[in-house]
Amino acid sequence: MSRHFQYDALVIGSGAAGLTLALNLPATLRIAVLSKGDLANGSTYWAQGGVAAVLDNSDTVESHVADTLDAGGGLCNEEAVRFTVEHSREAIHWLIEQGVPFTRDEADREAGSFEYHLTREGGHSHRRIIHAADATGAAIFNTLLSHAHDRSNIDLLQQRVAVDLITERKLGLPGGRCVGAYVLDRTTGEVDTFQAKFVILATGGAAKVYLYTSNPDGACGDGIAMAWRAGCRVGNLEFNQFHPTCLYHPKAKSFLITEALRGEGAVLKLPNGERFMPRFDSRAELAPRDIVARAIDHEMKRLGIDCVFLDISHKPTAFIKHHFPTVYERCLEFGIDITKEAIPVVPAAHYTCGGVLVDQAGRTDIPGLYAIGETSFTGLHGANRMASNSLLECFVYARAAAQDILAELPSVGSPPLLPTWDASQVTDSDEDVIIAHNWDELRRFMWDYVGIVRTTKRLVRAQHRVRLLLAEIDEFYSNYKVSRDLIELRNLAMVADLMIRSAMSRKESRGLHFTLDFPEQRPDPIDTILVPPTYGD
């Protein structure tokens, strides 16, 4: 039997953004935090590099803002950039107060200087990346999760897959607020009803739409798709960042080689040992990710090679093992000793720069519905995310959203009693092979046609195929009981369609969107905003 739950705040997603918001709300509120699988299955846990923030006395807010605007290809919202950077120090100090074990600076320091080690990554003009060795995400996640477990008002619910948002408009009621969500409990197979005064989408990005990705399996664009169906605008979904350096090995499943290696002097080489990045950009390996990824893609296609090589073996062995223990140990599992040899790497889909339109408090177009982290489109990243700004965005906007929820709370009454999920007209499916086939087909044509380098002809082909898939999936969804695979496929196909539509509308090359048909930039950069049919109803 399906169940009915009632909370003050429903947080869909258990990563850095979701946990930060939950912990910044008062203990008097009842909060549910949902995870599609185990709690550590999201992107936060696997983040290696760190968090960008203005922390050192030699760094400035203006410098961090300028670097971000430069990396963003002219499309960053300067107000959002400045808001994020100006709140970076307090966000980091909050994490330190929570007990996150950031790596300390063991070198001799001047009196009063910052006590934690700061590294540098692509696009940054200063050392401003605070980190916990090369496993920052795990250190942050484990710390925040421990605090969440200690809070009796927070229910951490695993194996829960959100199906759709519930709004007053869908119920035929006045007001238009989001009042909850239908959620599949994978342990029972039933769809439960979660009622809440506030709903927060913190579901991460949609990099799983591509065949090769650094992301965990759950990065299916769920929050973006649900928000779109509910009536929210989305923006800049054509900008999908490909991380330049993922480990290339048949048994390594999407293992990311952190950008911090390049920040500490690692260089990219061809199979013959030739360094190639200086030919593409004066910043060489420290150029923004879109430039590095395209350079690697170009060399791989030019030479017909399967990968290039990232070499840090010229650094002292002790230095490598101390700063990059996770990368060292993981590569060693595959017979690669990074203290002695170069690492085979390829680009892979990594980060969704666009998402659900929000303001500086994380509010979407629908009252009561917030979007934070990679799910959202704040304007911070523009046409290309600068390294380690994404985790910072999670903390700054999650804290801002929590403050806004607290301010709004007195004026929000309890939602009406919500109807239960109707599964009376569906049956169990014996055609799971169709879901598996459609999943594979979607990810392959997105990789081939909507990847690092695009053309109008490829985009048209992708659009034709995704429309056929959407019709097939809709028919399947209407007749069979929902499963995680079906829900994720439905969401991923919808977000793929939005990505393709966004890419087709941008008649220029800018940042992460590079098309051979329009290789130049237009002089008047504008965001790509898509408006759903139900917007404003």
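A salt bridge, as I use it here, is a side-chain nitrogen of Lys or Arg within 4 Å of a carboxyl oxygen of Asp or Glu.

**Entry 1: ground rules**

I'm working on a predicted model, where local features need pLDDT of at least 70 and side-chain atom pairs count only at pLDDT 80 or more, while totals for chains, interfaces and linings use all residues. Residues are numbered from 1 along each chain as its sequence is written, and side-chain values use heavy atoms, with hydrogens and water left out.

**Entry 2: salt bridges**

I searched the whole structure and got 38 salt bridges. Side chains of opposite charge can pair when their charged atoms come close.

I looked up Asp164 and found a salt bridge to Arg490, with the closest N and O atoms 3.1 Å apart. Asp164 sits in strand E7 (residues 160-167) and Arg490 in helix H15 (residues 484-505), so this pair ties together parts that are 326 residues apart in sequence. For helices (H or I, at least four residues) and strands (E, at least two) I take DSSP runs, numbered from the N terminus. Are Asp164 and Arg490 buried or exposed? Both are buried, and buried means under 20% relative accessible area, exposed over 50%, partly exposed in between (1.4 Å probe, protein chains only).

Next I checked Glu62, which pairs with Arg82 in a salt bridge, 2.7 Å between the closest N and O atoms. Glu62 is partly exposed at 48% relative accessibility, and Arg82 is partly exposed at 22%.

Then I went to Arg506, whose side chain meets that of Glu238 in a salt bridge (2.5 Å, N to O). Arg506 is in the loop between H15 and strand E18 (529-530), and Glu238 is in the loop between strand E10 (234-235) and strand E11 (240-247), so the pair ties together parts 268 residues apart in sequence. I noted Arg506 and Glu238 as buried.

I also found a network: Arg3, Arg160, Asp185 and Asp192 are joined by salt bridges that share partners.

**Entry 3: cysteines**

How many disulfides does a search of the whole structure find? Zero, taking a disulfide as a pair of cysteine sulfur atoms within 2.5 Å. For Cys307, the nearest cysteine sulfur is that of Cys331, 12 Å away. Cys307 counts as buried at 9% relative accessibility.
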